[in-house]
Amino acid sequence: MNLLEIKGLRAKVGGELILRGVDLTVASGEIHAIMGPNGSGKSTLAAVLAGRPGYEVEDGEILFLGQDLTALAPEERAHLGLFLAFQYPVEIPGVSNMEFLKAAIDNLHAARGDPQLSTVEFMKRVRELAGRLQLSPEFLKRGVNEGFSGGEKKRNEILQLLLLDPRLAVLDETDSGLDIDALQVVADGVNGFHDRDNGILLITHYQRLLDHIVPDVVHVLSAGRIARSGDKSLALELEEKGYGWLAR
Amino acid sequence: MKTLTLPDVAEVVGDPPRERPWLDAEHVRERAGDHLLTVLTRELWKYTPIKPFLDELARLGAGSPAVLEGIDQPGVRAVPLDAIEGDDALRIRRAVGERLDGARHVLADLALLRAAGGWFVHVSAAAAGPLEMHVPPGGVAPLFLVLEPGAELTLVEHMDAEGFLAQVALVDLGRGARLHHYRAAHARDVGHYSLLQVHLAQDAGYRLNQNCVAGNRRRAEVHVLMEGPGADADLAGAYLVEPGQHLDQQFVVEHRAGHATSRQKFHGIGAGKGRSVFNGRIHIHPDAPGSDAQLSNRNLALHPDVEMDTKPELEIYTDDVRCAHGATVGQLALDSLFYLTARGVPEAAARRLLSHGFVRECMAGPLAEASAVRFMEAL
Amino acid sequence: MTDRSVEALVKREYQAGFVTDIESETLPPGLDESVVRFISAKKQEPEWLTEWRLKAYRGWLNMPHPHWAHVHFAPIDYQTISYYSAPRSQGEGPRSLDEVDPELIRTYEKLGIPLHEQEILAGVVKDSAPADARGATAPPESPRVAVDAVFDSVSIATTFKKQLAEAGVVFCSISEAVRDHPELVRKYLGSVVPVADNFYAALNSAVFSDGSFVYVPEGVRCPMELSTYFRINAQNTGQFERTLIIADKGAYVSYLEGCTAPMRDENQLHAAVVELVALEDAQIKYSTVQNWYPGDAEGRGGIYNFVTKRGACLGDRSKISWTQVETGSAITWKYPSVILRGNDSVGEFYSVALTRNHQQADTGTKMIHLGRNTRSTIISKGISAGRSNNTYRGLVRTSPAATGARNYTQCDSLLIGGQCGAHTFPYIENRCPTATVEHEASTSKVSDEQLFLCQQRGIDAEKAVSMIVNGFCKEVFRELPMEFAVEAGKLLEVSLEGAVG
């Protein structure tokens with residue numbers, strides 16, 4: 001079953017056309033990696049999928065579980081099961097991480113008509129996940145991403161991924177700024193999340209993440225289009241030759 | 001409620017001595033008259049009585065003109081106000097008419113009406129050497145300075161004369177122009193009023209270092225207007241209050257255009273029975289998104305009878321800004337003091353050292369050394 | 001979200017805006033000595049108080065309006081206001097709750113303030129277990145709160161009087177206090193806010209009609225929260241209540257104040273005076289949730305809230321703490337202050353002020369340090385939205401005798417949308433070389449990135465803004481009694497609904 005079908009997607013940021021016709025399909029159980037040089041439109045694609053304000057879809061379709069996302073608000077997309085792990089998670093001072101996570105999961109359950117998680121269950125679940133990601137319980141009381149190190153911010157994103165358990169996770173440069181140990185923790189988290197019913201779209205500049213999270217398909221985005229798709233070996237080829245040869 | 005009446009404009013400025021092409025005396029007289037009536041009810045003169053300034057202005061003799069050194073260099077054209085004519089005169093006339101705020105700068109208006117010698121300086125390139133101005137006692141010394149786009153200048157102002165002096169400086173920085181401005185006022189036996197107003201066009205840069213010792217009565221007003229995106233202002237200075245002295249500094253930085261940056265950092269020491277008033281206002285206009293403004297004012301009260309007042313203000317009319325201010329009044333940090341004494345420095349010396357460091361931090365440029373020495377004397 | 005902007009956020013209707021249809025005895029508009037005498041006579045006041053009022057009135061006639069606040073409004077014509085309005089059914093005043101007009105009781109019930117003692121403050125406890133994980137769970141027992149309900153010019157009921165009396169606590173309307181405790185009233189009334197203190201305080205001193213009185217005797221810890229609920233109902237009336245709270249040596253009291261008014265197109269004046277007196281080792285905690293009608297989206301109508309609140313820490317080691325959540329009123333002009341006279345006394349001011357639409361708030365505090373080692377803390381959180389203007393104005397003054405005094409002030413502004421104003425005018429006057437005064441202020445906005453992160457996690461923009469604003473205010477809400485912190489959070493949420501459209 002197809003989780004995501006992108007057809008002929010053209011999108012602008014600040015009046016400038018960045019995505020110039022992207023086609024992409026992700027089926028249940030698949031991991032896709034999107035690689036590409038800086039400025040190729042990788043992060044724009046992630047932002048457009050999640051409905052970030054300021055990103056304008058000019059043409060094309062984004063079908064998620066068969067439903068067109070383009071007219072939906074970001075929270076509606078989230079409720080359908082689309083998750084974006086941010087490249088630069090923003091700080092929200094004063095709002096505790098715990099409070100934030102509870103609001104997120106409560107709203108998700110409410111939108112789906114599922115029963116609410118009791119505070120006790122919720123706390124138990126969050127503490128367990130924090131432990132798995134090697135985040136101290138103390139961090140749950142701190143403001144959302146407030147004063148977190150780069151690694152803590154990324155692990156916090158993965159914690160949210162595991163807690164909210166979406167159908168499709170879009171990971172935007174989640175590996176950037178991580179040392180090798182933190183990378184392993186994050187990768188373990190993502191691999192633990194992955195199953196036959198969900199999908200992952202990994203956006204990355206470097207091959208190294210793909211040693212830890214092994215993709216089924218690798219796409220190369222260049223100048224707003226998928227220039228090439230292949231299996232994992234494509235990533236190794238890119239690592240060796242750089243992106244330059246694709247442009248020719 | 002105490003009532004205080006102020007002299008009227010005629011009592012302060014008399015009849016205008018003669019026609020001056022650079023000043024629309026009638027307009028300025030009228031404006032001063034309008035605002036003199038309300039000055040007592042305004043915040044601006046809450047901590048410093050205006051009347052002694054008016055009295056001294058009224059008593060003022062002819063005075064000697066300000067001395068300007070470094071005017072003979074390429075790119076610099078300096079004209080004494082007495083000899084000004086044509087477009088230059090018109091330009092000043094317009095600047096005084098439109099740019100001074102009648103309510104805020106009533107004393108500046110009155111001072112201009114009494115001005116005897118002053119300068120118009122026009123800079124059209126990067127000047128190689130500094131321009132040095134010596135403000136004479138017993139006079140009013142206006143300076144109208146224009147930096148054309150891309151021009152650069154270092155201006156050094158010596159405000160060390162004793163007696164009464166009033167200064168009005170209007171500075172216009174064209175696109176991308178840069179001015180390094182150093183001023184020091186070290187004399188004690190003075191009545192001193194000064195207004196410095198600087199307009200910054202796009203990408204213009206202004207750097208001010210102003211070190212003041214309190215006088216019998218000293219009031220320094222600095223008004224910086226960020227009028228183009230990318231403009232950048234950095235104001236810093238140190239000040240000192242000695243026995244029986246009074247210093248009132250009023251800083252206003254107005255962000256009228258977006259994406260400009262301003263920094264203000266002032267440290268002061270109260271070393272004798274006297275009073276220091278510091279007012280630092282950041283004003284962000286509605287059409288100035290992306291403004292970045294900060295102010296820090298710290299005061300060290302070293303004498304039991306010194307009063308140190310500070311009033312940092314923010315007035316913000318748009319949300320896309322980064323603004324912060326901080327102000328403190330306090331004593332030397334005990335742990336620093338302990339650190340020094342533990343290293344064998346006697347306490348009195350340690351205090352002096354730390355106090356000196358506290359003000360030295362805010363001094364820069366060619367006058368910094370002289371200021372440092374002058375401040376050290378008092379400590 | 002794309003076609004809805006942050007500016008559109010604040011559109012929610014005012015919920016306490018209904019009018020109670022009740023017959024009132026209302027003085028015709030206008031103010032002269034006969035009105036002052038009428039009010040005094042109506043309350044059967046002693047001669048000294050009548051004279052006290054007249055002195056205030058005569059002083060007021062010669063006083064100028066305060067002009068320094070950062071607020072703008074057309075001059076008020078004091079002759080168009082009625083200075084006394086009371087529900088007719090009150091007659092000489094009910095002796096017990098059973099005698100109170102049921103229509104009035106219903107009014108307060110509608111506002112969530114039941115006057116039946118067996119109940120607790122409704123709407124407060126019922127929902128006080130927030131589903132969000134604040135880390136705290138709901139209180140297992142219902143807190144009891146004694147309420148003094150002031151309707152227009154008179155106090156209509158005070159609950160739990162008997163239980164309080166057993167503890168020795170006096171909690172009654174100020175009119176009753178004048179009758180039953182004249183020595184206390186005479187000693188302390190006007191002792192903190194003198195009759196000629198300022199224009200509005202002088203006006204209040206001349207025409208105040210009712211308000212609350214609290215006396216907590218030596219060594220007594222008041223067994224429950226005390227609360228006054230102010231309601232303006234009648235048209236063209238001003239409300240001029242007077243509150244006097246005295247905590248004797250070693251006493252403790254926590255007092256709460258709430259306010260609402262109907263929606264009307266014209267502006268109404270509320271000019272209250274609150275005086276707090278703390279003797280040695282006494283503590284007074286005064287909390288306000290102010291939700292007067294703020295006017296409509298175009299800035300028509302709303303209450304002018306021109307209030308003088310001041311506390312005196314007379315005794316050594318005494319403490320006065322003000323906490324306020326200000327969301328209502330067209331214009332707010334108030335500076336709950338503390339005079340720190342006793343050595344080692346402590347003053348605190350915690351404030352959240354939210355303005356939206358065309359509201360204007362100029363609020364802050366004065367901390368006057370007179371005694372040795374006095375300490376004060378000021379935490380102010382201003383939130384501006386719409387076309388509103390929100391100003392913090394504060395004074396910290398240390399006198400030469402205040403050796404070792406300390407103040408810490410933090411003023412933060414949060415701006416929502418590009419058309420509002422946030423201003424900070426702190427005055428620091430330091431005359432004591434051993435005092436330490438620190439002031440910090442910062443400005444932030446609800447950023448698009450923060451909203452988007454929340455939305456991506458499934459939290460809609462409105463909830464996200466309210467969460468962010470609540471987080472911004474946390475340091476202040478922490479100071480409110482718990483039930484009221486929840487209420488304050490909700491009030492903020494309601495006030496912000498529609499703020500991010």
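Hi everyone, let me start with chain A. A compact globule of 248 residues would have a radius of gyration near 18 Å, and chain A has 18 Å, so the two agree. Keep in mind that this is a predicted model.

Staying with chain A, there are 9 helices and 12 strands in this chain. Along the principal axes, its C-alpha atoms fill a box of roughly 55 × 40 × 35 Å. Buried residues come to 46% of the 248. And if you take the contacts between residues at least 6 apart in sequence, 71% of them join residues at least 24 apart.

Now over to chain B. Here the secondary structure consists of 8 helices and 18 strands. The radius of gyration is 21 Å, close to the 21 Å from the globule rule for 379 residues, so chain B is as compact as a globular protein of that length. The box for its C-alpha atoms is roughly 70 × 45 × 45 Å, again along the principal axes. Of the 379 residues in chain B, 51% count as buried. For contacts with a separation of 6 or more in this chain, 86% come from residues 24 or more positions apart.

Last, the place where chain C touches chain A. How many residues does each chain bring to this contact? Chain C brings 25 residues and chain A brings 32. On the side of chain C, the elements giving two or more residues are α8 (448-456) and α9 (461-477). Of the elements there, α8(C) gives the most, with 7 residues. By residue type, that side of chain C splits into 9 nonpolar, 8 polar and 8 charged.

How values were computed. Residues numbered from 1 in each chain as written. Chains lettered and ligands numbered in written order. Predicted model: local features only at pLDDT ≥ 70, side-chain atom pairs only at ≥ 80, totals over all residues. Helix = DSSP H or I, 4+ residues; strand = E, 2+ residues; numbered from the N terminus. Rg over C-alpha atoms; globule rule 2.2 N^0.38 Å. Buried ≥ 20, exposed ≤ 12 C-beta atoms within 10 Å, placed from the backbone. Contact = placed C-beta atoms within 7 Å. Nonpolar A, V, L, I, M, F, W, Y, C, P; charged D, E, K, R; others polar.
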